[in-house]
Structures are given as structure tokens and as C-alpha cells.
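Q: Could you walk me through reading salt bridges and exposure in a structure?

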Amino acid sequence: MKIFLDTANIKSIKFYNDMGLIDGVTTNPSLLAKEKDNPHKIMKSISNMMDKGDVSLEVIGTTSSEMIKEGRQLKQYGDNVVVKCPMTADGLIACKKLTSENIPVNITLIFSSNQAILAAKSGAKYISPFIGRLDDIGNDGINIIGEIKQIFQNYDYNTQILVASVRHPMHVIQSAKIGADAITMPPKILDKMIQHNLTTIGLNNFLSDWKKIK
Ligand code: G3P
């Protein structure tokens with residue numbers, strides 16, 4: 001399963017990239033709004049930093065023509081750019097057009113398997129189901145990942161499932177067990193995956209025992 005970092009924070013991306021943990025980055029307008037720098041400067045920098053890893057950059061336009069125009073501009077930031085379009089009728093038109101120009105698309109804001117089928121039909125490289133936001137409204141978000149996985153396998157769709165809106169490390173294990181192609185998570189989840197109390201206690205014990213020998 002590919003691991004993407006869901007952030008626009010350059011420092012975090014560098015930190016985890018130096019550990020070899022991330023296969024790409026996903027951003028969105030809300031994540032960019034949390035940073036101080038110019039959003040376009042940040043998007044360019046992320047694309048440069050990630051070498052070959054896919055970097056999803058989201059369009060702001062709401063009509064298909066705006067999204068297509070913006071998608072072509074975003075693609076100029078790097079070969080690894082994947083244009084993120086929303087799951088709307090216009091987003092699907094933009095997806096089909098950009099894909100025909102060899103510009104890969106990530107259809108975002110997916111909340112149902114039916115939406116996933118349509119995004120795959122329009123040629124999306126990735127679909128991003130937001131499981132945490134489904135949990136937030138009392139659904140079990142992870143359910144649609146299994147459902148979409150089965151549907152895509154039934155019809156040999158090449159579209160990759162990129163699990164998004166991840167809230168805790170169990171979402172990661174559940175997605176990996178289902179066989180999702182990729183998951184994107186905020187840095188704090190990756191931190192939680194690295195750490196374990198028994199690792200900390202064990203390390204402290206080793207170090208204090210070593211001091212006794214000296
Ligand atoms: O990529 C965006 C997606 O992961 C949103 O997450 O936490 O805002 O629901 P969240």
C-alpha cells in the first residue's frame with residue numbers, strides 16, 4: 001500500500017521523506033490555507049521535493065472548463081503532479097479531458113461506491129473516498145473501501161483506491177487488510193504509527209541497564 005502524506009507543510013514532508021516513508025503527497029485548499037507561504041509556491045516546492053512520488057494538487061474552479069485550464073497549469077509544476085478534481089459532473093468532464101491529455105486525475109470527495117464507479121469510468125488514476133468524514137456522520141467509512149475494492153476487481157478497473165480523511169492508525173491497518181492501493185494521512189497519524197509505549201519503555205530500560213555496567 002502506498003503511503004501519501006496529507007499535508008502542505010514542507011517541513012513535515014521533508015521529515016518523513018528523509019525516513020523513506022512516503023510515496024507521495026496530497027494537498028487541498030484547506031491544508032494550503034494553514035500554511036503562511038504562497039500556495040502556488042508551496043505546491044511547486046512539494047512537487048520538486050517528491051521526485052517521482054505522486055503529488056495531488058487540487059483545482060479551485062467549479063466549471064469543467066475552469067478545472068481543465070487550471071489542471072493544465074498545475075501539471076506544469078512537475079511530471080509527478082496529479083490533478084485533484086471534485087466528484088461533480090463538471091469534475092468528471094474535466095477528468096475525462098485531462099486524462100485524454102495524459103494528465104492524471106484524482107477524484108476527491110468520494111462518499112459512496114456509486115461515485116467511485118463513475119470516477120473510474122471517467123478515467124481517474126485515483127479516487128479518494130473520505131472515510132473519516134463518513135464516520136463523523138455515523139456511518140462506518142471503511143465499509144465502502146471493501147465495497148469499492150470488490151467492484152474494481154470485478155471489472156478490472158485500473159483506477160487506484162486512495163483512502164483519505166484518515167483519523168487514526170486503525171484506519172491504516174483496516175485499509176491495508178482490504179488491499180487499498182494507497183492511503184493518505186496527516187503527519188500526526190504517521191507519528192502514532194511509529195511510536196509504541198513498549199518501544200519507549202524497552203529503550204529506556206536498555207539505556208539505564210547499560211549505565212549500570214559502566
Ligand atoms: O485529502 C483530504 C482529506 O484527507 C480530508 O481529511 O480530515 O479533512 O476529513 P479530513
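A: Let's start with exposure: a residue is buried under 20% relative accessible area, exposed over 50%, and partly exposed in between, using a 1.4 Å probe and protein chains only. By that scale, K212 is exposed, at 65%. The model is predicted, so local features need pLDDT of at least 70 and side-chain atom pairs count only at pLDDT 80 or more, while totals for chains, interfaces and linings use all residues. Residues are numbered from 1 along each chain as its sequence is written, and side-chain values use heavy atoms, with hydrogens and water left out.

Q: How many salt bridges does a search of the whole structure find?

A: A salt bridge is a side-chain nitrogen of Lys or Arg within 4 Å of a carboxyl oxygen of Asp or Glu. Searching the whole structure gives eight of them.

Q: Where do D209 and K212 lie?

A: Helices are DSSP runs of H or I with at least four residues, strands are runs of E with at least two, and both are numbered from the N terminus. D209 and K212 sit three residues apart in helix 11 (residues 197-213), about one turn of the helix. Their side chains form a salt bridge at 2.9 Å, N to O, and D209 is partly exposed at 38%.

Q: Which parts of the chain does the pair D136 and R167 link?

A: Distant ones: D136 is in helix 7 (residues 131-136), while R167 is in the loop between strand 7 (160-163) and helix 9 (169-178), 31 residues apart. The closest N and O atoms of this salt bridge are 2.6 Å apart. D136 is exposed at 53%, whereas R167 is partly exposed at 36%.
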